[in-house]
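Dear colleague,

My notes on it follow directly after.

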Amino acid sequence: MTETVTAPGRKIYSSVLEATELPRIIRITANLYAATFSLMKLLPARYIVDRAEAAGTLTPGTPVIETSSGTFGLGLAMVCRHRGHPLTVVGDPVIDADLRRRLEMLGARVEIVEDDGRPGGIQAARLARVEELRREHPGSFVPGQYDNPDNPAAYAAVADLVGATLGAVDCLVGTVGSGGSTGGLAAALRASNADLRLVGVDTPGSIIFGAAEGARLLRGLGSSIHPGNVDYTAYDEVHWVTPREAFHATHDLYRSHGLFMGPTSGASFQVAAWWADRNPGDTVLMVLPDEGYRYQSTVYNDAWLRAHDAVPTPNPDGPRLVEHPSDVTDRWTRLPWARRSFEAVTGPAR
């Protein structure tokens with residue numbers, strides 16, 4: 001049985017942005033808690049726009065241009081619609097028809113680019129197109145989720161909520177894409193507990209933590225570039241979770257705890273449940289980034305899962321321990337990162 005922990009008092013929110021951007025803190029097991037977001041990327045999108053408006057770099061009517069294939073684009077579209085900023089989202093074919101319609105209903109113009117073979121894959125192609133559009137539209141504003149330090153800084157508000165409801169946390173577990181949520185939340189929580197352990201969750205095919213680049217069916221985490229907001233020295237441990245395992249954990253999160261979430265939440269749950277079970281004296285907090293409604297025709301659809309050779313499969317043996325990211329294979333793997341730099345962990349190419 002899950003138990004929601006709430007701060008005292010009630011509040012009428014001034015907008016859906018304010019009402020939606022912070023998570024619910026939910027008790028999952030004796031020592032495992034979830035920061036459960038409806039749409040996590042709404043928080044940094046709103047914070048980045050706030051800071052830019054306050055600095056005068058984003059004025060009324062200024063066009064906003066950003067790259068996203070998922071929830072950051074949706075969060076930004078909500079904020080820009082509310083604030084009156086024209087928005088162009090540069091994405092790729094992973095943007096499904098339902099998400100595209102939601103973006104366009106909020107007034108965003110969606111531009112889809114293809115992988116042109118350059119280093120960095122589709123994400124590099126998207127960033128290159130954003131730069132082209134920036135030059136074509138002088139004075140436009142680019143939030144720059146991968147490198148803008150306001151992205152991780154936004155999560156100080158989540159740390160405040162965690163402190164007011166849950167108190168001290170021993171271990172934080174979350175997926176890594178831009179590096180904003182895990183790095184930002186860990187930095188804020190470590191202000192009161194420097195010993196907090198940070199466990200990042202990636203997936204095979206992502207190069208963020210030095211594994212070999214490859215195709216990635218599990219999206220919403222991982223990257224084919226090295227985002228500037230990933231502070232490698234913040235991570236104590238890194239796990240790589242495969243699509244089959246993450247999809248199984250996503251289903252299990254719903255079946256066992258009633259939390260209908262996306263696959264990044266499933267990946268986070270898989271690792272956090274394992275960690276909490278092996279560290280019963282620790283208070284473990286996992287980040288669950290978004291709800292599952294976007295994935296009803298994919299991750300929650302048996303036909304889609306079979307067609308993509310991704311039938312959910314549990315891994316009762318737990319993660320395989322490796323010493324180097326080049327040892328990551330197509331199964332759940334973990335590596336003690338020990339707050340080292342990327343170069344200190346990966347060393348010379350192998």
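Strand S3 (32-36) and strand S10 (284-288) run parallel and are joined by 5 bridges; Leu32 has Val284 as its bridge partner in S10. Strands and helices here are DSSP runs numbered from the N terminus, a strand (E) having at least two residues and a helix (H or I) at least four, and two strands pair if DSSP finds at least two bridges between them. This is a predicted model, in which local features need pLDDT of at least 70 and side-chain atom pairs count only at pLDDT 80 or more, while totals for chains, interfaces and linings use all residues. Residues are numbered from 1 along each chain as its sequence is written, and side-chain values use heavy atoms, with hydrogens and water left out.

Strand S10 also runs parallel to strand S7 (residues 171-175), through 3 bridges, and there Cys171 has Val284 as its bridge partner. Of the 5 residues of S10, 5 are buried (under 20% relative accessible area; exposed is over 50% and partly exposed in between, with a 1.4 Å probe and protein chains only). Val284, Met286 and Leu288 cover one face, and Leu285 and Val287 the other.

The largest nonpolar core has 38 residues, and Leu285 is among those that touch the most other members, as are Val162, Leu172 and Trp337. Such a core is a set of buried Ala, Val, Leu, Ile, Met, Phe, Trp, Tyr and Cys residues joined through side-chain atoms within 4.5 Å. Elements giving two or more residues to this core include S3, S10 and helix H7 (156-165), and H7 provides the largest share, 4 residues. Beyond four places in sequence, Leu285 touches Tyr33, Val162, Leu166 and Cys171, among others; contact means heavy atoms within 4.5 Å. A second, separate core of 33 residues includes Ile26, Ala34, Val201 and Ala246.

Ser265 belongs to helix H10 (residues 263-278) and counts as buried because its relative accessibility is 0%. Apart from neighbours within four places in sequence, Ser265 contacts Leu253, Leu288, Pro289 and Asp290.

A separate topic is the open sheet of 3 strands, in the order S4-S5-S6 with parallel pairing. Strand S4 (64-67) and strand S6 (109-112) each have a single partner strand, so one side of each is left without a neighbour in the sheet. From one strand to the next, the twist averages 20 degrees. Between S4 and strand S5 (residues 87-91) there are 4 bridges, with Thr88 in S5 as the partner of Ile65. Helix H5 (residues 121-136) lies across S4, S5 and S6, at about 165 degrees to S4; axes are lines fitted to C-alpha atoms, for helices over the stretch in contact, and angles run from 0 to 180 degrees between N-to-C directions.

Finally, the structure holds 20 salt bridges, each a side-chain nitrogen of Lys or Arg within 4 Å of a carboxyl oxygen of Asp or Glu. Asp92 and Arg126 form one of them (2.8 Å, N to O); Asp92 lies in the loop between S5 and helix H4 (97-105) and Arg126 in H5, 34 residues apart. Asp92 is buried at 3% relative accessibility, and Arg126 is buried at 2%. In the salt bridge of Arg278 with Asp277 (3.4 Å, N to O), Arg278 is partly exposed at 44% and Asp277 is exposed at 58%. A network of salt bridges links Glu21, Arg46, Asp50, Glu53 and Arg83.

With kind regards
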